[in-house]
Amino acid sequence: QVQLVESGGGLVQPGGSLRLSCAASESIFSFNNMGWYRQAPGKQRELVATVTKGGFTSYADSVKGRFTISRDAAENTVYLQMNSLKAEDTAVYYCNAKKGILVSFWGQGTQVTVSS
């Protein structure tokens, strides 16, 4: 069974930066797609950023220019660098990985709170 473990969340001031990590229990290249989702209290989970096996990235309009998804194959880890953070970025952030077409895996989530 694949395990995804998120870390790096915490409390940060508006305008600040934070880097999230998603460590996978196997090679990230065993997945065709990996990404980050977030869910704020009382709201639906939304897609934040994705990276394909080939390295192509995409971002939600709300985070374009501020967030960057990247990966380190040697560490089986995907990162989300978050800059210029806003209060509306406050949410639990989840790592997601897809293997094949139908199989999807989720991490346990890490809390990000942006507040002054």
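1. Two strands are taken to pair if DSSP finds at least two bridges between them, and the strands themselves are DSSP runs of E with at least two residues, numbered from the N terminus. Under that reading, Val 5 stands opposite Ala 23 in β3, and β1 pairs with β3, which covers residues 18-24, in the antiparallel sense over 4 bridges.

2. A word on the basis of this note: the model is predicted, with local features needing pLDDT of at least 70 and side-chain atom pairs counting only at pLDDT 80 or more, while totals for chains, interfaces and linings use all residues. Residues are numbered from 1 along each chain as its sequence is written, and side-chain values use heavy atoms, with hydrogens and water left out.

3. The protein chain contains 11 strands and 0 helices. Four of the strands, in the order β1-β3-β8-β7, form an open sheet with antiparallel pairing. At its edges lie β1 (4-7) and β7 (67-72), each of which pairs on one side only. On average, neighbouring strands of this sheet are turned by 15 degrees against each other, direction ignored (the axes being lines fitted to C-alpha atoms).

4. As to overall form, the radius of gyration of the protein chain, taken over C-alpha atoms, is 13 Å, which agrees with the value near 13 Å that a compact globule of 116 residues would have; the globule rule is 2.2 Å times the number of residues to the power 0.38. Of the 116 residues, 41% are buried, where buried means under 20% relative accessible area, exposed over 50% and partly exposed in between, with a 1.4 Å probe and protein chains only.

5. The structure holds 5 salt bridges, each defined as a side-chain nitrogen of Lys or Arg within 4 Å of a carboxyl oxygen of Asp or Glu. One of them joins Glu 46 to Arg 38, with the closest N and O atoms 2.7 Å apart; Arg 38 counts as buried because its relative accessibility is 6%, whereas Glu 46, at 34%, counts as partly exposed.

6. Another salt bridge joins Arg 66 and Asp 89, whose closest N and O atoms are 2.8 Å apart. This pair links distant parts of the chain, 23 residues apart, with Arg 66 in the loop between β6 (57-59) and β7 and Asp 89 in the loop between β8 (77-82) and β9 (91-99). Arg 66 counts as buried at 10% relative accessibility, and Asp 89 likewise counts as buried, at 0%. Arg 38, Glu 46, Arg 66 and Asp 89 are linked in a network of salt bridges.

How values were computed. Axes are lines fitted to C-alpha atoms, for helices over the stretch in contact, and angles run from 0 to 180 degrees between N-to-C directions.
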